[in-house]
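Welcome, and thanks for opening your viewer.

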Amino acid sequence: MTTPRRGEGAPSLRDEVTDAAYAMGWTVVRKMPESAARLAFTALADRTWHRYGTGVRQLERNLCRVLGKDAVDDEVRVLSKKVLRSYFRYWLEVFRLPEYDRARILGRMRVTGEKKIFTNLDSGRGVILALPHMGNYEHAGAWLVHCGYPFTTVAERLKPESLFDRFVEFRESLGMEVLAHRGGSAYGRLAQRLRAGRPVCLVVDRDLTESGVDVEFFGATARMPAVSAALALQTGAALIPVTLWYEGEYWAARVHAEIPAPAGGGRQEKIQAMTQELAGVFEDGIAAHPEDWHMLQKVWVDDLAGDPAGGRR
């Protein structure tokens, strides 16, 4: 699978084919015998890895950062194959998740530290759950909904519009409220939800806004969104990082300690410090489970330099 592209104007043939492929995922793949579907997606992952396209090459450059290596070697190649299998497992589960019942979603989720979420929400305080592209965050969202805490999230506008609508429909079917990514409008509504004591979930290990914060990440400068820290400062909500991974047939998550606002400094300094602390938590989680960090795009500033697409392909 490839990440859907953004854009404007009438859908191209490629857009229409992409939309049809995702539509097939939520129809044919959703109804396939699970064992056959898993074999098929593992084979697709291995084929993608062997083709060694742009995404796999960027993945391996990212893994070199994580492992502290200067160049791709056999260890990185083996790890990248595991990441591709994990990534394709994520997509398989996205397509099949609407078929999973409540018992499976709750029963196969292994979470530590979740009381930090529930205690804040039960007291009427909003919670910002900040996640990296790890494991299956769609399933983690469904787990939170089935625990009795429906939440709000943001979806990037996709091309074609019909594909964006499919993703919104999919997430809303799981009990999530989905806002289109439209800058200040989405930000204001997220702030409203947090002030009302509700949870907000955001995937924030890669900047898509061109207004992100530069942080140290695995020994080099990377750019991450400022939105989670900014919302926490503005609304008083708890900023809580979550890292995710797979444990065999189970989904696993760790809810980390809240990132508090610094006592001193101006607003921008506080946002910088909180985002840096968030990056540090993500760094530890990714280092512990690098095979489940699905990052096939550019994250570090050195990689983004001179790329007119900003690493968003």
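Let us begin with a term: rings of Phe, Tyr and Trp (its six-membered ring) pair if their centres lie within 6.5 Å, and planes under 30 degrees apart count as stacked, over 60 as edge-to-face and the rest as tilted. Before you select anything, note that this is a predicted model, in which local features need pLDDT of at least 70, side-chain atom pairs count only at pLDDT 80 or more, and totals for chains, interfaces and linings use all residues. Residues are numbered from 1 along each chain as its sequence is written, and side-chain values use heavy atoms, with hydrogens and water left out.

**Stop 1: the whole protein**

Show the cartoon first. The protein has 12 helices and 9 strands; helices (H or I, at least four residues) and strands (E, at least two) are DSSP runs, numbered from the N terminus. Of its 313 residues, 49% count as buried. Here buried means under 20% relative accessible area, exposed over 50%, and partly exposed in between (1.4 Å probe, protein chains only).

**Stop 2: a cluster of rings**

Now select F41, Y87, F88, Y90, W91, F95 and Y137, which ring pairs link into a cluster. The structure holds 13 aromatic pairs. One of them is Y90 with W91, an edge-to-face pair with 5.2 Å centre to centre and 70° between the planes. Y90 is buried, with a relative accessible area of 4%, and W91 is buried with a relative accessible area of 4%.

Next, highlight F41, found in helix α2 (residues 34–51). F41 counts as buried at 5% relative accessibility. F41 and W91 are 50 residues apart along the chain, and their C-alpha atoms are separated by 8.6 Å.

**Stop 3: a stacked pair**

Select F217 and W300. How are these two rings arranged? They form a stacked aromatic pair, with 5.5 Å centre to centre and 25° between the planes. F217 lies in strand β6 (residues 213–217) and W300 in the loop between α11 (267–288) and α12 (301–304), so the pair ties together parts that are 83 residues apart in sequence. Both F217 and W300 are buried.

Then step along to F218, in the loop between β6 and β7 (220–224). Its phi is near 55°, a positive value in a residue other than glycine. Most residues other than glycine have a negative phi. F218 is buried, with a relative accessible area of 15%.

For another example, jump to Y52, in the loop between α2 and α3 (54–67). Y52 also has a positive phi, of about 55°, although it is not a glycine. Is Y52 buried or partly exposed? Y52 is partly exposed, with a relative accessible area of 28%.

**Stop 4: helix α7**

Select residues 137–146, which make up helix α7. Because 8 of its 10 residues are buried, α7 is largely enclosed by the rest of the structure. Among the buried residues are H139, W143 and L144.

Now look at both ends. N136 caps the N-terminal end of α7, where a side-chain oxygen lies 3.0 Å from the backbone nitrogen of E138. After α7 comes G148, whose phi is positive, near 100°.

**Stop 5**

Select residues 109–112, strand β1. In a regular strand the side chains alternate between the two faces of the sheet. In β1, M109 and V111 form the covered face, while R110 and T112 form the uncovered one.

Two strands pair if DSSP finds at least two bridges between them. V111 stands opposite A253 in β9.

Finally, zoom in on R110 and Y250. The charged end of R110 sits over the ring of Y250, 3.8 Å from its centre; for this, NZ of Lys or CZ of Arg must be within 6 Å of the ring centre and within 35 degrees of the ring normal. R89 and Y246 make another such arrangement, with the charged end of R89 over the ring of Y246, 3.8 Å from its centre.

**Stop 5**

At 14% relative accessibility, N120 counts as buried. Which residues does N120 touch, not counting residues up to four places away in sequence? They are R125, V127, A238 and I240, where contact means heavy atoms within 4.5 Å.

Notes
A polar contact is a pair of N or O atoms within 3.5 Å; within protein, one must be able to donate a hydrogen and the other to accept it, and residues adjacent in sequence count only if both atoms are side-chain atoms.
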